[in-house]
Amino acid sequence: MSHTTLIDLWFVLTAALLFLHIGLGSIDLGVCSLSLIVPDKDSETLLGSIDTIWHSNQTWLVVLGGTLFGAFPVIYSEVLSRLYGLVFVFLAMLAVRGIGLEYRHHAANPRRARIFAGCGAFAAIVTEGLILGTLVTGAPAPGSRLAGLSAVVRPEVLPVVLFLVFTALLTGGAWLLKELDDAHPLRPMARRSMIAGAVGVLVFAMYICRQMLATWPIGAAELHGMYLSLAAVAVAALVLLTVSMQKSWRGSQLPWALVLVGVGLAACAGTARVAMQAPGAASLAASRDALLFLTWTSTVLLPPLVAFQIFQYRQQRRGAGSPAETGGQETSAGPE
Amino acid sequence: MEHLLTDHILLSRIQFALTTMFHIIWPALTIGLSLFIFAAELAWVKTGNVVWRDQARFWTKFFLLAFAMGIVSGVPLEFQFGTNWSRFSTASGNFLGQILSVETMSGFMLESIFLYFMVAGWKRLSPGLHLFSTGMVALGASVSAFWIMVANSWMQTPTGGHMAGGVYQVTDRLAAIFNPDIFASFPHMWLACLTSTAFIICGVSAWHILRHRHSEFYLRAFKAGVAAALFFALLQAFTGDLSGRTVAQNQPAKLAATEAYWETNKPGEGAAWSLFAWPDAEAERNYVELRIPFLLSLLATHDPFGRVTGLKEIPKDERPPITLIFYSFRIMVFTGTLMIIVALWAVWTWYKGRLTPIHAARQRKLMKFFIWLAPFSIIAIWTGWIMREVGRQPWIMYGLLRTDDASSPLTAGAVSISLGYFALAAVFFITLFCVFSVRIMRKGPDTDESSDEPESGGAS
């Protein structure tokens, strides 16, 4: 395989990992955020539904970071060092969310821990939006005094922030519809969250692509093709959404919600790839030998991991009740 | 102080050291605890004795706390390569990037996916399948440690390629992975994790035994912990020796600084080992020295007259800080030796039949030693890492790239704020972990066995 082919391959894989991180991670970030707006007695039900999945969902962020470093070390170095302040706030908020979520079973005041988890999750979504928004609209110069924190006052990053907020509403709502009983009083809220999220994801994905096309150096001929592909993506997403509406509300929304997020991100990633065709872009990636090593190891490692995570979700779907009530563990049946 | 506040490289180094020292506690615990839980569960599946299942389930609670801490602290660590050390990330991207990527895809992911089955699968999975899941979590933790040690050992002894245009080009990837340092450093670190965990299990158990709470349960954990602690601590001495000789061969400056050894010994003369000294880097000599003849030559080369390079042969700008690593190494060795002695003492007491539910609580000195050694086992890991990392200075990639040339173009103000956050977060999270661990300990295992004494027995 040539170096260019490998770069293309790893661009797609990195974009796929970004999708796994945003698509799956936004489920638990969305549910945590939604727990802030429901009555306190219901917030534990919401958080209990993601007790066993948030670890592996967050792990996709670690895999994404590792892959970005492995495949595109220059991008990894430049992005993280230029957006130093934002990256640290994002990581700090993820830590706040994780600690609130994990330790609420042992906390003297579980309500405070739940609020901790919800606020941390919402702040993490917003900060990640600021990071990605800054990348779309142009990162600050190296060594800037505010270390990327100036994004807070830049209105042009807002569409990406809103895209992620709506993604969280969409996937979080879809997850809750799957988890909650038919008669549960929170189902209407989850349904509204999912529909609002779906509309928001579509609108802002298209807006971001348009923003990228206006900001990045893309030729007129490529532009024409991009608009066509964007239109195709939007139509496909609407069809998928309509299909999902036709099926029963219970148990079938999540895959469609993820597909919707996926097409939105794919459109953005496709636009980014067009921009990366610029001369000298190959120097952003690791050497051919390094990418080959990464390709072979990933060919062996990634499929079983994805399969195991699918199996995990299926088990979660089949399982009865949340382990939250037993402090994260079920009672044992045992061999005896 | 002024230098500290304006030097973003120094601040970045302190931040990386702080986050590493905070993070390393949790992988050490998860590696050791996952193997302990696996062993307990295996005993349950093989014998059908539910006390082993209770052991597995009780220690899983600690494992979960430590695992959550590991995720929370590990994510910032991974991203710091890019945020604070962007020039190093660019230079090492053709090797280090893939290694960290493989680490997350293999070890870490394996661990976090099977953790679900380990925690939530007691009812849903057959005992054999649950045991398999626990085994996968244990394997994932150790595989993760292997790749991290590959990355770190390559920074100590970079082989398998060359620098070209400021970027390391790998020509032999296997040689880079299996670099000279990995054969000593991985077993040494892995055993350190197991030994520390064994002492922490013993410490927690001793705390309960002294308070007569669930004595039978904790005595079982204590005995298993003591057996593991002695076995691993003795093995650790051998890997420590291997590690020392690897450093002597590949990083003479680190060895000389660790031993505050100034003059290269002449042929026919043995190098002495300083048990205690006060090194003066400016004057290039030691004060108040207590030396043991020939021991350094013997330790470094297995020959009482073996040649040991002195610091004076190394250019001043290539010498690591001396006093810090001199004392770090000695604290590590002293703690390790004390751990072996206390483990031997416990085995002797056990052999004499004094570790029974009735007699164990009377072994107050022994139990208190174990309670105190539990945190010291982590201090031994910390000091070992200080020696390893500070000893590599002034290089980030030994002999190839200086630490000063590897940082990101950041302002000192930005790094000061993030460092302040990390310091506060570390203190907060450790406090949180301790508070919740004590709550789990007070609650005790989920067994039918009640307290040996009334609740007023001073347990809380």
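Here are legends for several close-up views of a predicted two-chain model.

Before you start, residues are numbered from 1 along each chain as its sequence is written, while chains are lettered from A and ligands numbered from 1 in the order in which they are written. As this is a predicted model, local features need pLDDT of at least 70 and side-chain atom pairs count only at pLDDT 80 or more, with totals for chains, interfaces and linings using all residues, and side-chain values use heavy atoms, leaving out hydrogens and water.

**View 1. Where chain B meets chain A.** Here 75 residues of chain B are in contact (heavy atoms within 4.5 Å) with 67 residues of chain A. Together the two chains bury about 6300 Å², and 71% of that is on carbon and sulfur atoms. Buried area here is the accessible area (1.4 Å probe) that two parts lose on being put together, summed over both. Look for nine residue pairs in polar contact between the chains, both residues at pLDDT 80 or more. A polar contact is a pair of N or O atoms within 3.5 Å; within protein, one must be able to donate a hydrogen and the other to accept it, and residues adjacent in sequence count only if both atoms are side-chain atoms. On the side of chain B that touches chain A, the elements giving two or more residues include helix H2 (8-47), helix H5 (96-120) and helix H14 (412-443) of chain B. H5(B) supplies the largest share of that side, 21 residues. By type, the residues on that side of chain B are 44 nonpolar, 23 polar and eight charged.

**View 2. A salt bridge across the interface.** The rule finds one salt bridge between chain B and chain A. Asp289(A) pairs with Arg173(B), and their closest N and O atoms are 3.0 Å apart. A salt bridge means a side-chain nitrogen of Lys or Arg within 4 Å of a carboxyl oxygen of Asp or Glu.

**View 3. Inside chain A.** Chain A has 11 helices and zero strands. Helices (H or I, at least four residues) and strands (E, at least two) are DSSP runs, numbered from the N terminus. Of its 336 residues, 57% count as buried. Buried means under 20% relative accessible area, exposed over 50%, and partly exposed in between (1.4 Å probe, protein chains only). Helix H3 (residues 54-71) of chain A has 17 of its 18 residues buried, so it is largely enclosed by the rest of the structure. Asp28(A) sits in helix H1 (residues 3-34) of chain A and is buried too, at 1% relative accessibility. Beyond its neighbours within four places in sequence, Asp28(A) touches Ile50(A), Ile53(A), Trp54(A), Asn57(A) and Arg97(A).

View 4. Most residues other than glycine have a negative phi, and most peptide bonds are trans. His212(B), which is not a glycine, has a positive phi of about 55 degrees. His212(B) lies in the loop between helix H8 (182-210) and helix H9 (215-250) of chain B, and is partly exposed at 26% relative accessible area. Glu284(B) also isn't a glycine, and has a positive phi of about 55 degrees. Its place is the loop between strand S3 (273-280) and strand S4 (285-292) of chain B, and at 18% relative accessibility Glu284(B) counts as buried. The peptide bond from Gln393(B) to Pro394(B) is cis, with omega near 10 degrees. Pro394(B) belongs to the loop between helix H13 (364-390) and strand S5 (395-397) of chain B.

**View 5. Salt bridges within chain B.** Over all chains, a search of the whole structure finds 15 salt bridges. Arg392(B) and Glu389(B) form one of 2.7 Å, N to O, and both residues are buried. Salt bridges with shared partners also join Glu284(B), Lys316(B) and Arg319(B) into one network. Glu313(B) and Arg307(B) meet at 3.2 Å, N to O; Glu313(B) is partly exposed at 46% relative accessibility, and Arg307(B) is exposed at 52%. Glu289(B) pairs with Arg291(B), with the closest N and O atoms 3.6 Å apart. Glu289(B) is partly exposed at 33% relative accessible area, as is Arg291(B) at 45%.

Conventions
Ala, Val, Leu, Ile, Met, Phe, Trp, Tyr, Cys and Pro count as nonpolar, Asp, Glu, Lys and Arg as charged, and the others, Gly among them, as polar.
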